[in-house]
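Here's a quick briefing to read with the model open beside you. Have a look at the fold first, then come back for the notes.

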Amino acid sequence: MVKVYSIDGITPVVHPTAYVHPSAVLIGDVIVGARCYIGPTACLRGDFGRIVLEEGANVQDACVMHSYAQYDTVIETYGHIGHGAILHGCRIGRNALVGMNAVVMDGVVIGAESLVAAMSFVRSGMQVPERSMVVGMPARVLRMLNDEEVAAKTRDTEDYIALVERSRDTMREVEALVEPEADRRRIGEAAKS
């Protein structure tokens, strides 16, 4: 059961084709679109401002999203947010990626098909052009991304869209085994008959 909390009479919205891990928390003005993935322990706090995930976006494990009334926090279509990232009152453009443990602050706009490197700190108000590689503390535009890099990012996001279905169809809370099975298969291998 997903942890969803209403506040001031505003209840989160989760599209039926999305997957939200049961340990994630959604509060208030949160709108999760079609085929979105929200990973374990993610926290989306729409208690001061709106949070929107457009179709196919993913927010991975331990991410935090928050905003204030003057800044919605939006992840556009195919946006990809790495483990432990923090988004606060910003807009992540279509098919852009925010790397693990990066922080993106109020009023920032990350242009479409851009990449924010892991551990980067993007200062309030920064406007990042489309297809930019953003790195550092504080973050700066290092260079432009090429077609191959954007295509690789798109494939990674499509893996998370596929994970939505796998999670909805096969993830179940169970008791742990005490030892591995003798013929234990790996994720992705077909079950043995």
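The notes below cover the sheet, the salt bridges and a surface patch.

This is a predicted model, so to speak of local features a pLDDT of at least 70 is needed and side-chain atom pairs count only at pLDDT 80 or more, while totals for chains, interfaces and linings use all residues. Residues are numbered from 1 along each chain as its sequence is written, and side-chain values use heavy atoms, with hydrogens and water left out.

**The sheet**

- Eight strands make an open sheet with mixed pairing, in the order S3-S5-S7-S10-S13-S16-S19-S20. Strands here are DSSP runs of E with at least two residues, numbered from the N terminus, and two of them pair if DSSP finds at least two bridges between them.
- S3 (19-20) and S20 sit at the edges with a single partner strand each, so one side of each has no neighbour in the sheet.
- S10 (residues 80-81) and S13 (residues 97-98) run parallel, joined by 2 bridges, and His 80 stands opposite Leu 97.

**Around S19**

- S19 is mostly covered, with 4 of its 5 residues buried; buried means under 20% relative accessible area, exposed means over 50%, and partly exposed is in between (1.4 Å probe, protein chains only).
- On one side, 2 bridges tie S19 to S16 (residues 115-116) in parallel, and Val 116 has Val 134 as its bridge partner.
- S19 also runs antiparallel to S20, with 5 bridges, and the two form a hairpin with 2 residues between them.

**Salt bridges**

- The whole structure has 9 salt bridges, each a side-chain nitrogen of Lys or Arg within 4 Å of a carboxyl oxygen of Asp or Glu.
- Arg 94, Glu 113, Arg 131 and Asp 147 are linked in a network of them.
- Glu 113 is buried, at 18% relative accessible area. Its side chain meets that of Arg 94 at 3.6 Å, N to O, and the closest N and O atoms of Glu 113 and Arg 131 are 2.9 Å apart.
- Arg 94 is partly exposed at 38%, as is Arg 131 at 24%.

**Surface patch**

- Met 119, Phe 121 and Met 137 form a nonpolar surface patch with about 320 Å² of accessible area together. Patch residues have over 30% relative accessible area and no salt bridge; like charges are joined within 9 Å and nonpolar side chains (Val, Leu, Ile, Met, Phe, Trp, Tyr) within 5 Å. Areas come from the Shrake-Rupley method with a 1.4 Å probe, and for residues only the protein chains shown count as cover.
- Met 137 lies in the loop between S19 (132-136) and S20 (139-144) and is exposed, at 61%.
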